[in-house]
Every structure is written in C-alpha cells, then in structure tokens.
Amino acid sequence: MTLTATKVFEEWRGKSLEDALLECRDQVESPEFETVQRWRDAGGKVAGHFQVYFPEEIVHAAGMLPFKVRGAPVEPNKADSHFGSYLCSILKSSLELALSDIVQLDMFVSHPICDAARNLAAIWGRNYDYPCQILYLPQNPNSAGSVDYLRNEYDRMRRLTEEVAGREITDDDLRRSIEVFNENRRLLRELYDIKRDTPWLIAAEDAYALVAMAGMIPREEHNELLATLLPKIRERTTKAEDRVRLVFEGGFCEQPPFDMVRMLGRTSYVVDDDFHIGMRWITEDVATEGDPLHNLSHAYIEQSSYSPVQHDLRKPKEKMLLERIRAAKADAAIVAAAKMCEPGLEEQVAYTHALDDEGIAYFVSEFEENETSFDQLELQVETFIENLLFA
Amino acid sequence: MTTQSAQDLVGRGNREGAALFRDWFAELDETARNGGNAAYVFVMGSINEILKTFDLPVVFPEINSLQTAVRRVAHEYLEEAEDYGYSPDICGYVKADVGTQLRGGEHPMAQIPVPTMSVLTNACNTYIKWAEIWERMYDTPTFTIDIPGTRQSGTQTWQGDGDFEADRKYVETQLRELITLCEEVTGKKFDIDKFRQVLTYANTMSRSWKRVLELNQSKPAPFNALTDATIFLGVANGFRGTEAGARYFERLVEEMEYKAANGIGQAIEETYRLLFVGVPCYPIFRRFNELFTDWGGQFVNSTYLWFASGGTNRGFEYDLADPLASLAEGVLISVRDAMDSMFHQSEVLADMSREYDVDGVIYHPIKSCRTVSTGLADGRRHLTEVSGIPSLFIESDMMDRRVVSEAQMKNRIDAFFEGLASRRLAAGVQG
C-alpha cells in the first residue's frame, strides 16, 4: 500500500450528511490531531507549515503529509516559558503541540508573514533537530524579479524536502500534486459558491470545518470528502431565512474559537470570509504544463487572494475587502483581529475607514483562539444585527 | 597630544553627533516649509546609497518617534493615533508617527516634511504595514526592497553559492527598479559617478563603525553602548553615504582609539561588563541606564547597535568597480545580518560574551516590537544552556510609558546585580 492510499479519516464514510459534518467538526475542534498521528503510524512523514500560505504541492510530491500548523485550543503549559508577553496565542499553542508531543513533525516551515511568526522557525529550531526553516515568500510581488526569485526559493524547498523524505521529487511528481491540489481548489471554490449563493444550505461552522480538514488529512482524501458532501449539501431543502449576510475578515492566521464561528452562524449568514485563506490562496488552477515550480511561483504572484500579511501594490486590502463584500452581496462585515496581532490590528483601521466611506455597516472585534465565553460578544453581535434588520 | 587637544577629543563624538542631528532636523524643517522632496526610510536597510545619489533628504520615522519618547511627549502622539483607531497593542513607533502625520508634521525637533516617496525593507514586517499607512494618507509611491533573510540558523549562503546568487539577483533587480522610481520622482538621471562617491563615503562609515564597536572590547569600555552609541547610531543612519557622515566616523574612531589606548572609560567605575539585547527603554532613557550604572554596570555592546544600523556593524565595503551588483550584495549581507541579530543571535552572543569579557546579558523585550522581542525568552534559555552566562529578562516598552514600571525594573535589576556580586565573591573564594 502506498502512503497516498493511506486513509486517516474514515469516520465520515457511510454516514448521513449531518453525521459526516459532525465528524468533521469533531476533528477540527479536537486538540488531538488524531489524523496526523494516524499518518505517522502508517509510516508517513509530516511537514508542518505555519500560517498563512505554503506550496503544499512540494511536500505532497515527496509523499509527505503537509500539516497546517494553525494553533489549537490548548493551554501553552510548556510553550509559555519560551515566549515573552504581548504575543498572539497561536505562536504559543502551535509550539505547544510539538513540545507536548501532540504532533510530531519531520520538518517545520514558517514564513515572514509578521514580526512574531518570522521568529517561530528560529525558536522551533532551537528546540528540535529536524529542519526548521523560513520560506521567504516575496514581499515585493510587484518586482519583475519576484517570480524567478520565488521559483528558486521553491526549488530550495524541494531540495530540503528531498533530504527529509529521502527521495527525489521529479517534475512529474510535482505536476501530479498540482493536479490533486487544483481539484481541491476547485472543490473549495464550489464550497464558497454555496456559501455566497445559498448560505442557508450550509452552516458557518460546517463550512469552516470542511476547509480546516484540508490541513489535517491527505489532499486526495479531502477531495473525496468534498466531492461526496458538496452535492449532498446542494440537495438540501433548507429554506432561506431573513438573516443578515455577513463577511468575516480577520481569520487569516490565528483562528477564532470554533464556538465563535458557531455563534456567528446562529445569528447570521456568513457569506464569505478569510478563514484559512492560505488554503484558498491560489484562486485559479495552476498550470500543469512546463516547469511546475515556475507555475507555482507564478500562481502565488498572479493568481492569488489577499491578506494583511502580503503587500501588493495591486491589491490594497481595503479595496479587496470591499470587493469581497460586494461579490458576496453582504450587508455588513465583522472586522476582527486576533489579540496582539500587529498586521490584523493595523488593517482594522484601514478597513473601518474604507467601510465608513462606503457606508457599509461593520462590527469590530478582537478574539483569542482559546476563548470559551461569548455571552457578551453574542449580545453585541445580536444588537448589531438587530440594528441592521430594523434600520 | 596636548592636554587641551586630548580634552577636546574625549566626548567629541557625542558633541559632534548632537550637532549633526540638529543640522539634519534643520534641513528637514526647511524641506517641510519649502515643500521639497523627502524620502521616508527605515533604519534596517535605508538604501541611503541610492537616495543620497539623488540628493533626497531622508526622514527616519523610527528616529522621530523615539525622539518623542526621549522628550517625554510620546503619550500625546500615541493617544492621538489611538483616537484615530489604532490599537494600544501595536507598535508605538507607528502610532507616534501617525500622530505626527495627523498633526501635519509637528514634531518636537522640527517640522517633518510629508513623504514624496517611501522606501522600506522587509527586515521588519511592521515597516510594510507602516508604509501602507502613508500610501493611504498621501498616495505617494512606496517601494519595498525585499531582502531574503537566513532560512535557518547556521545555513547562510555566501558568494559563489547558487542560492546566494538568486537572492542577490533579486535584490539587484529591485534596486534597479528603485533607481527608475527615483528618476521619476526627482526628475534627475542616475549619476553613476556620484553613486560611486556615495558608496565611498558609505564604505568609510561601515569600516569605521565596525572598528568603533571592536574598540569597546577595551577595559574600561571607551563608550556606553546604550547611551553614547545611540548618538553614533543616529549619525550612522541619517548620514550614511554622505561626506559629513564619513568624516564623523573617522573622527569617532580617532577618539575611541585614543580613549582605548589611554584607559579612558566612562564616568563610573566599570565593575560589570554587560551586553544589551533588545531596544532601549526610551520613555525613561537616562534613568534606565542609571539602574545599571549605579551598580557599576557598563554596556559594552548590544544587538541594537547591529540591527538598528542595518547590519553596518559587519563593515561590508562595496566594490566600486561593479557598484550596483556590489550594493545588492552588501544590502543582502548586511540587512540579513541585522535580521540575524534579532532572530538568530544566541551563538553570536555567546562568542561576544567571550570577546568582550562580559559578566551578564540584559534582555529587554518590549511590547511595541515583536520583531525584536518574540524570540528573546527562548534565545535566553538557549544562551544559558550553551554558555551559562548570567542574564536578566525585563519587559517594558520603547515608547509607551503605560507599560514601563521603573520600580519593578529596579527590583529585578538590583537582584540581578546582587546575584552577580555573590557569584564574583564565590568565584574569588574558590580562587
């Protein structure tokens, strides 16, 4: 049996749509990451990659499991002493996963997405012997040299992955992986089409869980999951309700607590968002003809979404948010940021000023992944929504 | 040397540095009032080498911001930015600058001109967010020089390596694009001869800065790496690539060599030699230093002097025969080194502890700057494991007096020195 044939998430099979979604929610809410352990138990190697975007095709092509390191609802009992104060939670909870042996990695990659995260590979590397590296994604995508530079950076990542995996990664391996991920991107786009067009067919937390699963299981398995469930979601006969249509902005790195997503889903339709935007960063199919690393680099620069941690003169974030709101026919926006998240908090100012200028209602909020009480927040959101409904 | 000329020499760097600072801000004030061009830049990779070739006055918002803290008016600027919408939990430098912009450039040292353009590197991600604020405020060009840093401690590549060449080429492409932008903004053609002259001045400064830092290995240390060196650092940034800057640093080397040769240190008796890791506590700058000097603690070097000089401490000198390629190489190596000073400094600190015969390391992470601060607790653990050198970890801020607790810091600093004293006593008894 090849590793790509290894199944690590079987619980949903043969179940009703509701039960299958429940299994996904349980996996995503669990701090145990059992699917990753199952992969290891089958003899597989794991490449942990921190938020936001990582070219997972490269490690997938080596037969490794790309695991999205995105924090967890755990107390950073061991990690706390490795950090000072005034930091976001995701850094600590991510390292905690490793220090507590919840997940075991064979390599770890972070990116210069923010001042805090770019320290993470160095911190990780002082505590583990396996490769812990920064993948320097370009912060000047407007330069004529950025695609070639990134192609070399991806090639460097290929060479590193070959060492870890103990096998060569050929161009054909990469092309096959790109095809798998193209299929995944297509299915995720379809999921978001459902959210935007018929949000009453899928709860916010279910859509969230379906996306998050991509970071925890082999992508072939995720494709199978989505390909099976999306048609069933479309077949639902749930009636549309008179709810406010919201866009949630601020989930690009640290994730809001699952219960917060659930709470928003109870009170509104979340018709678009930037939850796990790295999983959906590439917005179109990546070409499979020609040089695969060049194609991946080109897609990062030219066929990609936006987030507060990428600077691109062509994509002012507030303009992109307004486009997201309009494309989703949203009534309002939740402009959130993780506590102590410098880029998120800074972007909030630009977002809110732009929304003011456009006369679009918004609700500003901060969150931390480990929060458990939302009574006050729910009351505020309900009041905000009632104001919109009865304005 | 006569007694009189020796007296003139000692302290000259501080006096001349302060005078240059006044000149610099006077120029900015005049530029602001005349509506002239000005480039906003940052300390980690100002690319002054190109900007000075185009005679662009440079504004360092980081320096403007820290000056509001030193002058004890930072809270006014921070509050103004927070009223505008910025969180108490983001970089204080950014907020003080936003306050300055909202006040139309009003600043304690000068009227600050608005940016004609801004140039930034990725050495600090907040630089990028910061420049986006100016984009929105002024709609003027912003240019990001993206400089790939070290991917993993100990894996830096160098000349002759394919990966290094790919990085260097990327930086060079961007520098050429920046030159085109400068030509558009200023209406001037790029003058390669003038560029070589600017690089010559920058080479003198780099060579001298490296030498100045080395000279503080002397006992007693000729200068305080926290206080005196902040003046030197200001000149290193504001006057990089200028004749005045080059001359200043040559004269600074002369002063420090004289002091080192003649055993001239600071006003205090140097009892303990310390390394400083982080960013100074500017809201109580003088007092913060006194908390250490009161015990005879002398700062002999700091990571701040490396990264806040954009890695000039490496002493990289440009090859004038191939100036643009060499600038790309120098910027890559120097700014990468500045980043290493923040993310991968443990090994260097261990070496430096020996070279500077250091008694302790002071870690000062700050709320405002996650670039510098995020890895310090873990780095300190590592340094303790590999070297056993005593260290102190105190958190406060470089701007925001609301998170500076002098009494709490003093307690911890006093306890640290008591520990050093006991350690020394025990070592003496054993000896």
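**Notebook: strands and the A–B interface**

I looked up V46(A) and found L65(A) as its bridge partner in β2(A). The model is predicted: I kept local features at pLDDT of at least 70 and side-chain atom pairs at pLDDT 80 or more, while totals for chains, interfaces and linings use all residues. Residues are numbered from 1 along each chain as its sequence is written, chains are lettered from A and ligands numbered from 1 in the order written, and side-chain values use heavy atoms, with hydrogens and water left out.

**Entry: β1 and β2 of chain A**

I took helices (H or I, at least four residues) and strands (E, at least two) as DSSP runs, numbered from the N terminus. Strand β1 (residues 46–50) of chain A pairs with β2(A) in the parallel sense, over five bridges. I counted strands as paired if DSSP finds at least two bridges between them.

β1(A), helix α3 (residues 56–61) of chain A and β2(A) form a right-handed β-α-β unit. Right-handed here means that, with the strands pointing away from the viewer, the path from the first strand over the helix to the second runs clockwise.

Next I checked burial, with buried as under 20% relative accessible area, exposed as over 50% and partly exposed in between (1.4 Å probe, protein chains only). In β2 (residues 65–69) of chain A, five of five residues are buried. L65(A), F67(A) and V69(A) cover one side. P66(A) and K68(A) lie on the other, and they are buried too.

**Entry: the sheet of chain B**

I found an open sheet of four strands in chain B, in the order β2-β1-β3-β4, with parallel pairing. Its edge strands are β2 (58–59) and β4 (142–145) of chain B, each pairing on one side only. Strand β1 (residues 39–40) of chain B pairs with strand β3 (residues 117–121) of chain B over two bridges, in the parallel sense. Y40(B) stands opposite S118(B) in β3(B).

**Entry: where A meets B**

I set contact at heavy atoms within 4.5 Å. Chain A gives 53 residues and chain B gives 54. The buried area is about 4,600 Å², 49% of it from carbon and sulfur atoms. That area is the accessible area (1.4 Å probe) that the two parts lose on being put together, summed over both.

I counted eight salt bridges between chain A and chain B, each a side-chain nitrogen of Lys or Arg within 4 Å of a carboxyl oxygen of Asp or Glu. K317(A) forms one with E132(B), with the closest N and O atoms 2.5 Å apart. Elements giving two or more residues to the chain A side include α12 (317–327) and α13 (342–358) of chain A. α13(A) gives the largest share, eight residues.
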